[in-house]
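Okay, thanks for coming, everyone.

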Amino acid sequence: MVYAGVRILDVPAKADREFDYAVPEEFAPEIKAGSFVKVPLRGRRECTGLVTRLSDRPAEGLSPSGIKEISGLLPGYVSFSEAQMKVLGYLCSSTLCTAGEAVGAMIPSAVLGGRTGRIEKSVSLSVPGEEIRAMLDGSLPVISGGRRSRLSSPGQREVLIRLLEAGRDLTFAEICSGGVAGREHISALERKGLVRVSGREIDRSLIAADDGESGRDEALELSEEQAEACAELERLAFSGKPAAALLEGVTGSGKTVVMLKLIDRVLAAGKGVILLLPEIALTPQTLAVFSRRFAGRVSLIHSGLSDGERRDAYIRIREGGSSLVIGTRSAVFAPLPDLGMIIIDEEQEHTYKSDSSPRYHARDIARFRCAKENAFLLLASATPSLESRYKAEKGLYSLVRLNRRYGAAVLPEVTVADMRREPGAGSLNPIGSLLASKLADNFAAGGQSILFLNRRGYNNYTSCVLCGAAYQCPGCSVSMTYHVSRAGTGMMVCHWCGRHMPVPEKCPSCGGAMIRIGYGTQKIEEDLAKTVPGARILRMDADTTSAKNSYDEMLGRFRRHEADILLGTQMVTKGHDFPDVTLVGVLLADTSLYYDDYRAGERTFALLTQVIGRAGRRDRAGEAVIQTNNPDHEIIALAKKQDYESMYSREIKLREALTFPPFCDIALLTVTSEEENKAARGISVLNRKLRDKLGSDVFSHNNPMFVFGPFEAPVYRMGNRYRMRMVVKFRITSLSRRFFTELLAEYRSTPGSEGTLISVDFNPTEL
């Protein structure tokens, strides 16, 4: 008899362990570690589980007679390979998630749930065309069921005529378009034996991926600097052992061309490639470049796909139908059978870190996969994260630089506009006088402009004139933002939980009048129309790009010169190449400097560098205007000069002096509850458990930990849940991971933790 250790997927964390089951004889030849199975569990009808081990005897202490049998086996295309099982183990140990949470991140639910593919029905003639024509003109009768008749139905005649004219099989949709013929007419002809209906499974991932013109394999012209960079990266990629490199290049230096050339070489060697992008918004435009060059070999993975598209893409990749996978964070788990390279573009972006369990960073998963699968990891950015650059300095990554813009392009001329002078000059317009005049001049000259403001909505918040209280979300401890709908109706929106509410007529606290303060992209769009009369304005933010493909359509309109000014949030800052954009404006450039986060300076520099880089490509000079109330801040000055080296030197010294990553790791422990007193009691229990555990010699001497807190989260209440936190500085090792694993288990079993949820996030993107 064969026995299997099975991890049940849909169980709480405290029950996340192996359960033993017997393998029935009919499943024994097919089952293996990595198979997904159906099993009974304590009165529940059936659960899905993952086989983690096989043995010829039950676990110690278990009687064979008391072990239940596996009740079902999922298809082979669902099962995990040996490489995927290693990733699963790493994901669970590195993020302290359950096996079910890890599996949920690695495989689409539509695959695991047994969802079938989409069947497309087609119709073909089952008798020769000459006979059909004779039946249509009445010279030959239709014989069906021993009865002779004529084709008098207009719908049936239309079906046959369309098939004759096409000379090929037609889909139901092709036949039924126009309204004359319908499915009932096709069925009637099928019963008469005149047509044949067949079905085939449609690969929806092909529909999603290959939208570009196929077959275009343009020669890549590399500059001398690009050719040298590419040669060094090829040497690392084909060294025969795992390797990693950081490709650092100024905006417009042609990093994409180098990546394309490298992908050519890896694919030609018969290996697979994963290309990660920081957010869904960047996928369509990048995909067009790659799907044209690598037609038929590209699959797309991101959360904007339908369940069916994700299912088909996963199966296609697993079975070797795609050699290049492009996608966002979750694409790092793509089951390529022979992985050769993973590229992470804009590697510094925080969107590569998951903020829900499993709280993984795509960079960590990519590094693990490349190490275990003997592949090459390439990180690319104009402004690398301090952590990656530090690893390059220490020799853990190879550093390859592109210091010059491609071709004749030069970096834009940057002007810092001091907004403190505007009120004194009699202007309260968020668009300062300098930027306004340059926008008008650029429009008059036929140029295009990009305007960046990292705040959507109309007004920032609504405040009472008497008591000064801001109108807050009922479920979150944040102020709501004033928005205007497409119909022109005002509403209050919470950017944390998404709640919509009517605009308050008076203050709920004291009854005073409410006024709107601050501005977002909606308000700036309105002001732009007055500042640059006649200019066509496109606003790109989360409110205008919610529909599928709306982002790509909007970029296409701007690229075709159907708009003069592109206004938006971070969506407009990265990865775009608009040859006719010669002016970039930045509003509220210093806002992100004041975030209570040790990454504030680094992130502000990266954001400004990226948006400035949108101006001036190829042979057209560009300029940028940075509006700020703090023009003397060092980060603003460094961004103006695009001086990454000085920014890195400044920030890395601060990190070392204050002991922040990369000089330590950080664990963010969060206790949440719908009841405030339970959250307070839970964090007290956690604080006591944590400090008692640190008293153990094994932890205090081998891996020093420094504890901060407890304290309220910056957004104390979110989605009607109260949040309390603790922060621990330490070093991630197998010992420290075991420490936190035991801590979570002890907390969940301790009186006082009832009614709370606890999570741990290693090296979070925000504190």
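So, to start: is Leu96 buried or exposed? Leu96 is buried, at a relative accessible area of 19%. For us, buried is under 20% relative accessible area, exposed is over 50%, and partly exposed is in between, using a 1.4 Å probe and protein chains only.

Quick housekeeping. This is a predicted model, so local features need pLDDT of at least 70 and side-chain atom pairs count only at pLDDT 80 or more, while totals for chains, interfaces and linings use all residues. Residues are numbered from 1 along each chain as its sequence is written, and side-chain values use heavy atoms, with hydrogens and water left out.

Back to Leu96, then. You'll find Leu96 in the loop between α1 (82–95) and α2 (99–106). Helices here are DSSP runs of H or I with at least four residues, strands are runs of E with at least two, and both are numbered from the N terminus. The phi of Leu96 is positive, near 60 degrees, and this isn't a glycine. His561 is another non-glycine with a positive phi, about 65 degrees. His561 sits in the loop between α17 (550–559) and β26 (565–568), and at 25% relative accessibility it's partly exposed. Why mention these? Because most residues other than glycine have a negative phi, and most peptide bonds are trans.

Which brings me to the cis peptide bonds. One joins Ser357 and Pro358, with omega about 0 degrees; Pro358 is in the loop between β15 (339–345) and α13 (362–372). Another joins Gly709 and Pro710, with omega about 10 degrees, and Pro710 lies in strand β30, residues 706–718.

Now some helix packing. How do α18 and α20 cross? The axes of α18 (residues 600–612) and α20 (residues 644–658) come within 10 Å and cross at roughly 165 degrees. Axes are lines fitted to C-alpha atoms, for helices over the stretch in contact, with angles from 0 to 180 degrees between N-to-C directions. So α18 is roughly antiparallel to α20, that being the word for angles over 145 degrees. In the contact, Gly601, Glu602 and Phe605 from α18 meet Tyr644, Met647, Glu651 and Arg655 from α20, where contact means heavy atoms within 4.5 Å.

Staying with Arg655: leaving aside neighbours within four places in sequence, Phe660 is in contact with Arg655, along with Tyr598, Ile666, Lys729 and Leu767. Phe660 is in the loop between α20 and β29 (665–673), and counts as buried at 17% relative accessibility. Phe660 and Phe730 are 70 residues apart in sequence, yet 9.9 Å apart in space, C-alpha to C-alpha.

Next up, α16, residues 521–531. Its buried residues are Thr521, Gln522, Ile524, Asp527, Leu528 and Thr531. The cover over those includes α15 (433–444), β19 (448–452), β21 (481–484), β25 (537–540) and β26.

Key. Angles under 35 degrees count as roughly parallel, over 145 as roughly antiparallel, 65 to 115 as roughly perpendicular and the rest as oblique.
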